[in-house]
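Visitor: Please walk me through this structure, starting with whatever you like.

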Amino acid sequence: MKYEVVMGLETHAELDTESKLFCGCSTKFGSEPNTQTCPVCLGLPGVLPVMNKKAFEHSLKAALTLNCEISKFTNFDRKSYYYPDLPKNYQTSQNYFNIGNNGYVDIVVKGKEKRIDIHNVHLEEEAGKLIHPETSGANYSLVDFNRAGVPLLEIVTQPDMRNVEEVESYMQALRNILLYIGVSDCKMQEGSLRFEVSISLREKGSNVLGNRVEIKNLNSMKAVLKVLAYEMSRQSSLLDKGENVLMETRLWDDVDSVSRRMRSKEEAHDYRYFPEPDLVPIWIDQEWINEIRATIPELPVDKHQRFVNEYSISDYDAGILTEDKHLADYFEECVGLSQDSPKELSNWIINDVLRELNERKTNVQDFIVSPKMLVELVKIKPTIGSSIAKDVFGEMINTGRTAPSIVKEKNLTQIDDVSELNDIVTKVIEDNPKAAEDYGQGKKSALTFLIGQTMKITRGKANPKILTKILMERLSAGSK
Amino acid sequence: MLSHELSANQIKEKIIKREITAQEIVEELFEWINLKEPLIKAYLCLDKEGALLKAKEVDKKLDNGEKVGLLAGVPVALKDNICTVGIKTTCASKILENFIPPYDAFVVKRIKEEDAIIIGKANLDEFAMGSSNENSAFHITRNPWNTDCIPGGSGGGPAAAVTADMAFMALGSDTGGSVRQPSAFCGNVGCKPTYGRVSRYGLVAFASSLDQIGSVTKDVYDAALLLQVVSGHDGFDSTSATVGVPDYLSDINNVDGNLRIGVPKEFFGEGLNSEVGSAVMNALEIYKRNGAELVDLSLPHCGYAVATYYIIATAEASSNLARYDGVRYGHRSQLSEDNIIDMYSRVRAEGFGSEVKRRILFGNYVLSAGFYEAYYLKASKVRNLIKNDFEDAFKKVDCIISPTCPTPAFRIGEKITDPLQMYLSDIYTIPANLVGIPGISIPCGFTNTGLPIGMQILGKHFDEGKILKVAKLFENETDFHLKKPNLIEPEPKKGIDI
């Protein structure tokens, strides 16, 4: 393509708090419509907002984590527009004094590091939700205000992204960060994480930005990538034809996979921002900042590097383990219990634990096999062998019992004793004279057959190494 | 003296001493209201049933020897922009004509806890926007001293009710003078506390940074009593102050130390009615005779107060009134609606009166992109300059005294066609709202035609105790507050069409 693509992202993340931003109503998802409302979040006459401290501190934490400059003085502003899901017909947001400004997120794309600048991070209230009746021709719509007033964090980037890989990497990095610091559950299927993108094209080498198109309300990363691909081709074909790209806001239609005009620049809202007189300004002192900073955990990027250095696991494995903070915590708990086998524990987690989690659609916090149980299994493994260890793992998941108790009950300990194995081998050779003879005549597959027979008798408990050694000795001796 | 003519504190004492029951008071009061309300029309809604229920509750408490509250058995009127659970709260607007709040305002909870009896909701200019009561969507309240005159606004209903002895005290709201100006016009005591002293939770917002709940009473002691009850921090109002509430009552008759009274020249200049001016000058002489020192002051930026006010107040109002859209409550057009914009337009065109529309338009204009800096931001800066003027003044004086209004009550219809003239009626009261300081209006004389004249005392932030004492000193020396209007039927007049 002869054009350079310029993209920026606005991310809305619902903050993980018990109650709404300005009232005591619950933020629980999925309740009956309008059961989590009160005079305040319904915007009745005479009500006033009171700031949720937790929501503010979550925002502060996010702004700090995203390397923002923290305003000493913050204030809230009213953003006015009329819509039936907005109880007061203004949204209490921040415009003149955001919590954080000028931050950044470092991402890695194809092995290359890139810094995405954050323009600002601010706190605002969520709107309600319109419900349109499914019957055609209905002349009404309903509104559910359960979501109205849920705290919402908005993170606005500079137009720093130049290809979809960067956008994807940024979205994932941001999501990971928000999850890591515990300020949002980032559940896209519940609308906890939403994106708005802005995209413009310009001739490569040009310094002038092209006309920007904004696309609102994208509920998944997949939708963002789809809409960007669509817009790139739509805009470039317009430019190819010598036509103008209109500066406008568009909506993404997921069913038809097209974007459609929502409003032109001329129709853009004048939000008539002014300082919210019902809330008092908040002053953020260094002490508060330090207090919040102390609650920020190690971030995915740092943890990744540390895992490689400290536990000598591969870069790839460290990447998988640190993608989910809880998985990383699980791994570190295991390693804390058994320092001598980080590599093996990592293998178990990446291959077996993750597979089970995916199959069972559960998360590691709720996984029945605790770190302690996994470590016990790894410790007992040399006495039962890899193959039986996998079976024991399966048994642990099904029953919740520990490896030692399963091994003990089923008498699964390997037979390492040479004389005991010798006796068994003697019997096996006696029972299978033909196979022993074949081996003597150079038919090597006979050995595999005899090992199988021995395993059958011992129910797989014979130590395969010792067994093979004994069998080979005996058969060679017999053939002489 | 008939019992409805007593002050709130006097009637409370009688009830506590069991000289009269709360129920008897309510019965007698409603008889009087039935007689006089057709003349004055102070109320939008009366709740005799609820009042009797509460009266019986208070009487029962006393029967059982239980402790009763600070306002035991006192019938109180509320301006109809203060939310009352189960009782319509209309703001004198068609848009809220049938709105019944599911919750009580903070002040309503407080007075109920102190055993007050709510008798009804009093008239106002629609959404408290006006200075004459003529902007009520329902009817015009008349001044009990001369029923051809307006009672003032926006709280004309509460003031007229108290003056006509149809309530013992009332709660109103003061955004630019809506408690003090009608109190001056009706000859009672109107007190606007410091911004943040009384919670605004449940007061239907007009201009959030200026609105403050205030009291309308028959004398200064009652003002102190009501303030004592409704003051204090409220967790539901972020702007409500955490400053402790002093005892306003026990020491009200002692002005401690040498009293220095500031007399700002800007409040005695052009536009001041000569009768009003000389009444206030006479009052100042009384203070002087009682040992006060009068200090000439200048508050140079007060000349910009009205202009500043009408930018800030309308900006905030345009946003505060945005919620009246017919979606969740309030007026809904009977006409068919093609789309949501159509629905909004009809609801608001039908629901709001012309003054409210004027202010919404003005407010939206001053907040529009490209105008915000020139108007709202500039006004906020001027507001700071006015604050500085008062801060400097209060370094030199304990309080500031001025007329409450430049004129006495004017005639119905006199200014309604000229909004600018109407706005100037609040020229002396507006600065206190912009600065957030407390102010009280007390009667200080009468005009030749028998209309009351009000004098305003302004104090430092949270210095309500001081201005109440200064007001009480004057009241102790005079009897203007004891005068009662002669409530006779007026002769039918031509030319006034209401």
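Visitor: Are A:Phe307 and A:Phe331 buried or exposed, and what does buried mean?
Guide: Both A:Phe307 and A:Phe331 are buried. Buried means under 20% relative accessible area, exposed means over 50%, and partly exposed lies in between (1.4 Å probe, protein chains only).

Visitor: What kind of model is this?
Guide: It is a predicted model, in which local features need pLDDT of at least 70 and side-chain atom pairs count only at pLDDT 80 or more, while totals for chains, interfaces and linings use all residues; side-chain values use heavy atoms, leaving out hydrogens and water. Residues are numbered from 1 along each chain as its sequence is written, and chains are lettered from A and ligands numbered from 1 in the order in which they are written.

Visitor: How many aromatic pairs are there over all chains?
Guide: Rings of Phe, Tyr and Trp (its six-membered ring) pair if their centres lie within 6.5 Å; planes under 30 degrees apart count as stacked, over 60 as edge-to-face and the rest as tilted. By this rule there are 33 aromatic pairs over all chains. In one of them, the ring centres of A:Tyr96 and B:Tyr372 are 5.2 Å apart and the planes lie at 10°, so the pair is stacked.

Visitor: Where do A:Tyr96 and B:Tyr372 lie?
Guide: A:Tyr96 is in the loop between strand 5 (90–93) and strand 6 (100–109) of chain A, and B:Tyr372 is in the loop between helix 11 (354–367) and helix 12 (373–396) of chain B, so the pair joins two chains. Helices (H or I, at least four residues) and strands (E, at least two) are DSSP runs, numbered from the N terminus. A:Tyr96 is partly exposed, at 34% relative accessibility, whereas B:Tyr372 is buried at 6%.

Visitor: Back to the Phe rings: how far apart are the centres of A:Phe307 and A:Phe331?
Guide: The centres of A:Phe307 and A:Phe331 are 5.2 Å apart and the planes are at 55°, so this pair is tilted. The pair links distant parts of the chain, 24 residues apart: A:Phe307 belongs to helix 5 (residues 300–311) of chain A and A:Phe331 to helix 7 (residues 325–337) of chain A.

Visitor: Which residue lies over the face of A:Tyr104?
Guide: A:Arg115 does, at 3.5 Å from the ring centre. A charge sits over a ring if NZ of Lys or CZ of Arg is within 6 Å of the ring centre and within 35 degrees of the ring normal. The charged end of A:Lys444 likewise sits over the ring of A:Tyr439, 4.8 Å from its centre.

Visitor: New topic: how many residues of each chain does the contact take?
Guide: Chain A gives 32 residues and chain B gives 38 residues, where contact means heavy atoms within 4.5 Å. The two chains bury about 2800 Å² between them, 58% of it on carbon and sulfur atoms. A:Pro45, A:Leu48 and A:Tyr82 supply 22% of the area that chain A buries against chain B, more than any other three residues. Buried area is the accessible area (1.4 Å probe) that two parts lose on being put together, summed over both.

Visitor: And where is B:Ser318 found?
Guide: B:Ser318 is in helix 9 (residues 305–320) of chain B, and it is buried at 4% relative accessible area. Not counting residues up to four places away in sequence, B:Ser318 touches B:Ile360, B:Gly363, B:Asn364 and B:Leu367.
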